[in-house]
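Please examine the assembly shown here and consider how its parts meet.

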Amino acid sequence: MKDLSSPQVLSVEGLSVSFGKSRVIDRLSFSVGKGRTVAVVGESGSGKSVTSLSIMRLADLTGASYDAGRIVLEGEGGEFNLLDLTQDEARKIRGKDIAMIFQEPMTSLNPVYTIGEQIAEILMLHNGLSREAALAEAAKLLSLVRLPDADAMLKRYPHQLSGGMRQRVMIAIAVACRPKLLIADEPTTALDVTIQAQILDILRDLQAEMGMSIIFITHDMGVVAEIADDVVVMWKGEKVEEGPVKRIFAQPEHPYTRSLLSAVPKLGSTEGQDFPYKTPLTVLVDGQPELVGETRVQDTAQTDGAPLLSVRDMSVDFDIKKTWYGRTTHYVPAVSNATLDVYPGETISLVGESGSGKSTIARTVMQLVEPTKGRITFDGRDMAAMNLSERQKLRRDIQYIFQDPFASLNPRQTVGWSVAEPIRTHGLIDNERDTKRRVSELLERVGMPADVAERYPHQFSGGQRQRICIARALAGKPRLIIADEVLSALDVSIQAQVINLFMDLQKEEGIAFLFVSHDMAVVEKISHRVAVLYLGQIVELGSRRQVFENTAHPYTRRLLSAVPNPDPTAKREREPLSGELPSATRRAGDRPATAVYDEIAKGHFVARH
Amino acid sequence: MTAFFQSRYWSLEFILGAGLTTFIVIGVLLSRWLFPDVGAIDLMARLVPPFERPDHLLGTDPLGRDVMARIFVGGWISLKVGFLSVLGSVVVGVLMGLIAGYYRGVWDIIVMRFADVQLALPFILLAITIIAIVGGSLTNTIILLIVSQWVQYARLVRAQVLALRDREFVLAARAIGVKNRNIIMSHLLPNLMGPVVVLMTLNVANNILLESSLTFLGLGVDPTIPSWGGMLADGRTYLQNAWWVSVFPGVAILLTVLGLNLLGDWLRDTLDPTGRTQK
């Protein structure tokens, strides 16, 4: 870590931060060398974001107190302690010497000002440029972050840009005054993998050009391996380990680091396997790592019989613009001509980037969205032809688990009430006592103590809530569970546990899963078959092994190459990525071309391209 | 109910709010027995200032009637109008808002255009029209207030429902197959009552005053029956030299509203299991 040839830009020495009585950071020390990237990794609640906010001196504005320690920044006139500054002095540092990029590009730009005005603002403030000079400099910055047509871009408003473009504007603002230190707080978490890869490339290039140091805060070990020179691992407000990135990945010393790394799914980890398999997990028991679970081949799919769910030529359109008398002029073909089977006990994954239609397929199967055309049959019966009671029965057989465990439980009802809801709704158990017993069973089934039933959702962490949602999904004894990005809001160690839980449920109860995800590594780990979606069309469909090892469609290859590899020694061989997804909005009557498929191997379909 | 007696619910808000409200309600309910000779006119004791004579602790009005007695007895009408009109508006308004927001489509158009028309009518015009048709009485005053105020609740609730109905827990309930009625009752209603409770406490005071305006215009209850609003209006002309005639009924309204507001805040915080709104 201590690279003597490069002087320190910032060092945190024995920092302790509290909110009220609870201490969120305890005696944290690390330093950032000039031109180096330090990744601060940890799970939610580990204190990594508070660390960055403390360096920016924004934490005390939200009520934090600095109990001990120093944060020393090297300035022109020698070093000084950031914690000694008044807020007025700190404001002069912020944006000029230390700049920050936030996680959510959709909300961190002001919607009523143009991009140009927002970049020029900081230049006029810190560098005293005139408006014209600031705008000229802003155009240069935009081309630096590879936004095309910079002059036109200056005049546009944030809502006219995609998430990836907005994050690039945020980076342009952050580097406008050529800061010594850039703090990036989960800057790519909200973005698609291909866009994430572009943003990481841009950050790397900017760093080389400006010689700035970066503190990169993330929970994604793949991103760490891609971008970091040094790593600081945080756990429960303390630093548990630090060191050069290669050493951390090759020989993690602290048990927590080891369990963290063992939980990270690696792309290519199941190469040569026909079936997904369950792997044991390293979990911390009383601070000591322990291997839990067995290795088991997940050969649960019963593909010889009839499919449980089959979707034929299904299209879903969303109307965007209508004339005043109600005729649609513009629409988005969210899904076009999707054809897909799900067999009992099988996990089939829908992968693609945002806007690819993967969630729409899931929601249509769940009858939350009406298909525009096509046929969906469940257990041999056509959904469109079902009467009300059959549809109601279907809502027991198919269960949906949502992405955000914080939003999918009613905050005003107890956990037990929510888990019992399907039982009450379908009248599965007619008395209160047996319902309670069943709820306890379900909660225990997903690894929660039964006495949590009386508590409210806000008392649980994200992972616990997702387990509660799974318990609720199991209450109706479903045959198909649709899991819509259920892992993306969870920490990696929790992710791995939930994956294993899904596999156990599938083994024991023969449940089929329709697994919607953007995370290729997770998909590879869990799926029997994979369907890759691009702009509402399935471009490649096949067994996991076919899609991942004999990738045939260029879009699938592009997706795979964008996935960060959690191995810092691996060579980066990536097709240079650029560009955005084209807009999906079409005029009424303008249908997208129907994809024609070639079966290049048995069960492996690829759209002609 | 056991949770009720845990310490977190015994906040200062609750003690003050419940104390004030209970005091006023009990005082008003017992006023018939406490002040049997409330209407007694004593022209020898006109406009006695407060705190001078023990039998007229809060002074007397221009006809020599005891202000304190009239406040307690007059509270009966005021509280009845205030509470019943607000309860009625909430029932109608919340129901309409839920229907409009949840079912959208035709229902939304019907309810909301009706509400727009309602909002476009000036209150006094509406009052004159309705009272001219059905005649002035306590019941009709309350109905009039309900007719003119349910819109506020309907619009508030509809906006809340529009935000809530696309939240994932509502979607999740739909995916399970929960009936619309149960989604409304157990998922929407508990999550939108907070702002409704706040609006209710504000409207109680508003309606007590509106009743007095109506009475003042001859559109409300019989002006010889004392009510807080009526006393406020009566004392207006004497404000220069006999402030107590109108100030004390005003204080009564103030204390009632304060008590209800505190109770409303407490209720909102207590009903919210996340405790987010708590300080």
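This is a predicted model: local features need pLDDT of at least 70, side-chain atom pairs count only at pLDDT 80 or more; totals for chains, interfaces and linings use all residues.

Residues are numbered from 1 along each chain as its sequence is written, chains are lettered from A and ligands numbered from 1 in the order in which they are written, and side-chain values use heavy atoms, with hydrogens and water left out.

Q: What area is buried between chain A and chain B?
A: Contact means heavy atoms within 4.5 Å, and 25 residues of chain A are in contact with 18 residues of chain B. Buried area is the accessible area (1.4 Å probe) that two parts lose on being put together, summed over both. Carbon and sulfur atoms give 57% of the area between chain A and chain B, which is about 2100 Å².

Q: How many residue pairs are in polar contact across the interface of chain A and chain B?
A: A salt bridge is a side-chain nitrogen of Lys or Arg within 4 Å of a carboxyl oxygen of Asp or Glu, and the count between chain A and chain B is zero. A polar contact is a pair of N or O atoms within 3.5 Å; within protein, one must be able to donate a hydrogen and the other to accept it, and residues adjacent in sequence count only if both atoms are side-chain atoms. With both residues at pLDDT 80 or more, the residue pairs in polar contact between chain A and chain B number 11.

Q: Which element gives the largest share of the side of chain A that touches chain B?
A: Helices (H or I, at least four residues) and strands (E, at least two) are DSSP runs, numbered from the N terminus. Two or more residues of this side come from each of helix 12 (388-397), strand 20 (398-401) and helix 13 (415-425) of chain A. The largest share, four residues, belongs to helix 13 of chain A.

Q: Which helix of chain A gives the most to the side of domain 1 that touches domain 2?
A: Domain bounds come from an automatic or database domain assignment, which gives domain 1 (8-104 + 181-263) and domain 2 (309-564 + 579-607) of chain A. The area buried between domain 1 and domain 2 of chain A is about 1400 Å². Helix 7 (193-210), helix 8 (221-227) and helix 10 (255-263) of chain A each give two or more residues to the domain 1 side. With six residues, the most comes from helix 7 of chain A.

Q: How many of the nine residues of helix 10 of chain A are buried?
A: Buried means under 20% relative accessible area, exposed over 50%, partly exposed in between (1.4 Å probe, protein chains only). Among the buried residues of helix 10 of chain A are A:Tyr256, A:Ser259 and A:Leu260. Helix 10 of chain A is mostly covered, and its buried residues number seven.

Q: Does A:Thr282 count as buried or exposed?
A: A:Thr282 lies in strand 12 (residues 281-285) of chain A. Beyond residues up to four places away in sequence, A:Thr282 touches A:Ser259, A:Ser262, A:Pro289, A:Glu290 and A:Leu291. Because its relative accessibility is 18%, A:Thr282 counts as buried.

Q: How many helices does chain B have?
A: The C-alpha atoms of chain B fill a box of roughly 75 × 50 × 30 Å, taken along the principal axes. Of its 279 residues, 51% count as buried. The secondary structure of chain B has zero strands, and its helices number nine.
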